[in-house]
Amino acid sequence: MQWNGIVEGQITDPEQLRELVGAPHEAVVKKSIAQIDEHIRHFLSRSPLFFVSTTDKLGWCDVSPRGDEPGFVKVLDDRRLIYPERPGNRRVDSLLNLLDNPRLGMLFIIPGMQEVLRINGRAAITQQTELIAAQGFSGKTPQLAVIVEVEECFIHCPRALKTSGVWTYEEWLAKEELPSVSEMFQAHLAINGMKLG
């Protein structure tokens, strides 16, 4: 059965949603800032991982992880940051999306910390050699980097990571219980009529 975009009990307007969940506390609204202050700088200097969310011109979404040594995302000034774009599988979904629509969302994680940092803004892809080299990224200097003009920064509450137990080693699955990435990869290729080897 094909989904037609309509579900039973569907919420269709903001007023209906607000009536159900209520209004946010004033502090929740006012915690958002449009600059990189000393606290944001400190958080970024400790974070080795973030997830970047982008969309193309048709609204197709993508979320992709970016990781390196802690502090690999560098602050250029109080409104801009930069991160290296490392070589990967060459799909470059995020980069292609940013060419269509420069707006992006970023969610930064520090291992062991339940709260996350959210940053929203506008991005530009650069190949400016001198600028990229000046950042002192670890390892081989990347060919490309992404500069983000920050429009919104705020700390997100710990509920999701806390209730998921993601940092609680005792709750991690045993290795043999984890999904097999190799089997998944091969099965998905087969669905699309391709077989490796």
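1. On a 1 Å grid laid over the protein atoms alone, a cavity is a set of points where a 1.4 Å probe fits but cannot get out, whereas a pocket is an open set with protein on both sides within 12 Å along at least five of seven lines; lining residues have an atom within 4 Å of a point. Grid points are joined across faces, edges and corners, and a volume is the space filled by probe spheres set on the points.

2. The structure is a predicted model, in which local features need pLDDT of at least 70 and side-chain atom pairs count only at pLDDT 80 or more, while totals for chains, interfaces and linings use all residues. Residues are numbered from 1 along each chain as its sequence is written, and side-chain values use heavy atoms, with hydrogens and water left out.

3. The largest pocket holds about 550 Å³ of space. Its lining comprises 20 residues, of which Arg66, Glu85, Arg86, Pro87 and Gly88 are the closest to the centre. At least two lining residues come from each of strand S2 (61-67), strand S4 (80-85) and helix H4 (93-100), and S2 gives the most, with five. Helices (H or I, at least four residues) and strands (E, at least two) are DSSP runs, numbered from the N terminus.

4. By class, seven nonpolar, six polar and seven charged residues make up the lining of the largest pocket. Here Ala, Val, Leu, Ile, Met, Phe, Trp, Tyr, Cys and Pro count as nonpolar, Asp, Glu, Lys and Arg as charged, and the others, Gly among them, as polar.

5. The loop between S4 and H4 contains Arg90 and also Val92. Arg90 counts as exposed because its relative accessibility is 77%, whereas Val92, at 38%, is partly exposed. The classes are buried under 20% relative accessible area, exposed over 50% and partly exposed in between, with a 1.4 Å probe and protein chains only.

6. Four aromatic pairs are found in a search of the whole structure. Rings of Phe, Tyr and Trp (its six-membered ring) pair if their centres lie within 6.5 Å; planes under 30 degrees apart count as stacked, over 60 as edge-to-face and the rest as tilted. The ring centres of Phe50 and Tyr83 are 4.9 Å apart and their planes stand at 70 degrees, so this pair is edge-to-face. The pair links distant parts of the chain, with Phe50 in strand S1 (residues 49-55) and Tyr83 in strand S4, 33 residues apart. Both Phe50 and Tyr83 are buried.

7. Tyr169 and Trp172 form another edge-to-face pair, at 5.1 Å centre to centre and 65 degrees between the planes. Tyr169 counts as exposed because its relative accessibility is 57%. Elsewhere, ring pairs join Phe50, Phe72, Tyr83 and Phe108 into a cluster.

8. The chain has seven helices and seven strands, arranged along the sequence as α-α-α-β-β-β-β-α-β-β-α-β-α-α. Its C-alpha trace spans about 60 × 55 × 45 Å along the principal axes. Of its 197 residues, 26% count as buried. Among contacts (heavy atoms within 4.5 Å) between residues at least 6 apart in sequence, 65% join residues at least 24 apart.
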